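Dear colleague,

Please find the structure below.

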Amino acid sequence: MVCLSAKALLLAAGCLPQLVHSAGLDTSAVALGKLYFGTATDNPELTDTAYVTQLNNTDDFGQITPGNSQKWDATEPSQNTFTFTNGDVIADLAEANGQKLRCHNLVWYNQLPSWVSSGTWTNATLLAAMKNHITNVVTHYKGQCYAWDVVNEGLADDGTYRDNIFYQYIGEAYIPIAFATAAAADPDVKLYYNDYNIEYAGAKSTAAQNIVKLIKSYGAKIDGVGLQGHFIVGSTPSQSSQASNMAAFAALGVEVAITELDIRMTLPSTDALLAQQKTDYAGTVAACAQTSACVGVTIWDWTDKYSWVPSTFSGQGAACPWDENLVKKPAYTGILTALGGTATSTSTASGSSTTTSTSTSTGSSSVAQQYGQCGGSGWTGATTCVSGTTCTYFNDWYSQCL
Ligand code: G3I
């Protein structure tokens with residue numbers, strides 16, 4: 001059964017007001033046939049009323065992802081004691097707004113409680129603990145999630161398995177077993193593998209494709225692959241490279257989504273960097289727009305005020321489409337344009353709609369900015385560094401303009 005949202009039905013029927021010039025990001029994405037445009041959020045931000053007002057704006061956001069509150073340390077801080085309070089706050093907010101929920105995540109090496117990361121395990125005991133965690137969390141949120149990120153970041157950048165505690169005690173089988181366990185707890189939710197640096201062809205993307213095959217070879221279900229999209233201004237993979245990479249996943253019979261998009265820059269922000277960021281956002285979103293298997297795009301929070309970037313990458317930031325004062329940046333228009341150019345969209349009385357894609361984005365520039373990636377195995381972005389910097393080799397997978 002195909003279920004259309006009320007907004008999609010209105011668009012399909014041409015029932016919108018005469019002009020849809022003000023169509024936002026989700027409205028435009030749905031008009032293009034996508035399921036959603038959405039954003040991550042986190043509990044501490046929900047005390048900021050101006051922030052919440054925009055988070056609730058379903059014209060822009062048709063989907064929400066909890067940035068932290070469904071992770072293992074948040075949901076099972078001690079063994080077999082489950083706390084869903086913070087996750088429920090965000091799930092309830094999304095439900096009240098009629099927004100889809102992407103649930104994030106079940107099995108990840110990071111943000112594990114110490115009883116997992118520092119526990120004494122055998123193959124059997126860790127397997128039982130992992131299955132118990134998945135079963136309880138998926139059962140609690142059954143019916144509320146569009147998708148679960150079942151395994152997050154299970155690969156190293158060279159395409160080998162990340163040497164996490166699950167791999168150490170269970171081996172690669174932890175991945176298909178996690179998917180089978182999630183499917184048993186909620187047969188209807190979409191099950192995703194989610195990772196970064198798999199947004200373009202290369203060893204890691206190939207390894208992620210092999211994970212899809214591995215899961216299927218065990219007879220387990222995988223529905224999608226999440227391409228996180230934590231990019232750098234001026235070094236973002238091109239639209240065409242992202243689209244062809246999406247096609248490689250789609251050929252395996254899974255959907256894809258851009259799940260954590262943000263595009264950081266070296267501060268301070270300048271007009272030139274903001275213009276390049278607009279181009280980079282547009283190219284990335286356009287890759288999803290042009291790919292039928294790509295169901296939607298999620299930004300990893302919408303405002304620089306609450307971005308994870310500055311605390312992780314010293315001297316970098318301004319990665320989101322809204323600035324720290326909650327004002328739209330040029331990137332917003334870039335995304336909107338990639339989703340169909342609503343400024344030229346009208347809905348006629350006869351019911352015909354012209355809200356189809358008119359994306360003209362061209363992807364990233366040919367010059368990588370200072371600190372931007374400029375090379376590495378599978379790298380398809382710029383290999384020339386901005387004047388005054390040199391492309392410096394770090395390892396076979398990463399070179400940077402310094
Ligand atoms: O919960 C503690 C709190 O008790 C303490 O007072 C506070 C003091 O710093 O820290 C809190 O933990 C922080 C946690 O977020 C919850 O706010 C951690 O320090 C902080 O490192 C953690 O950062 C999160 C990060 O994942 C952890 O790796 C970011 O908010 C979150 O946006 C980020 O999200 C990840 C995705 O899940 C997976 N892909 C990459 C993405 C970006 O790193």
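By class, the shell around the ligand consists of 3 nonpolar, 7 polar and 3 charged residues. Here Ala, Val, Leu, Ile, Met, Phe, Trp, Tyr, Cys and Pro count as nonpolar, Asp, Glu, Lys and Arg as charged, and the others, Gly among them, as polar.

This is a predicted model, in which local features need pLDDT of at least 70 and side-chain atom pairs count only at pLDDT 80 or more, while totals for chains, interfaces and linings use all residues. Residues are numbered from 1 along each chain as its sequence is written, and side-chain values use heavy atoms, with hydrogens and water left out.

**The ligand**

The ligand is surrounded by 13 residues (a heavy atom within 4 Å of it), and the closest are Asn 68, Lys 71, His 104, Glu 153 and Glu 260. A polar side-chain atom of His 104 lies 2.7 Å from a ligand oxygen atom, and one of Asn 110 lies 3.0 Å from a ligand oxygen atom. An N or O atom in the side chain of Glu 260 is 2.6 Å from a nitrogen atom of the ligand.

**The nonpolar core**

The largest nonpolar core has 90 residues. Such a core is a set of buried Ala, Val, Leu, Ile, Met, Phe, Trp, Tyr and Cys residues joined through side-chain atoms within 4.5 Å, where buried means under 20% relative accessible area (1.4 Å probe, protein chains only). Met 130, Trp 148 and Phe 166 have the most contacts inside this core (contact means heavy atoms within 4.5 Å). Among the residues that Met 130 touches are Trp 72, Val 107 and Phe 166, not counting residues up to four places away in sequence.

With kind regards

Note on methods. Polar contact = N/O pair within 3.5 Å; in protein donor to acceptor, adjacent residues only side chain to side chain. Buried < 20%, exposed > 50% of the residue type's maximum accessible area, 1.4 Å probe, protein only.
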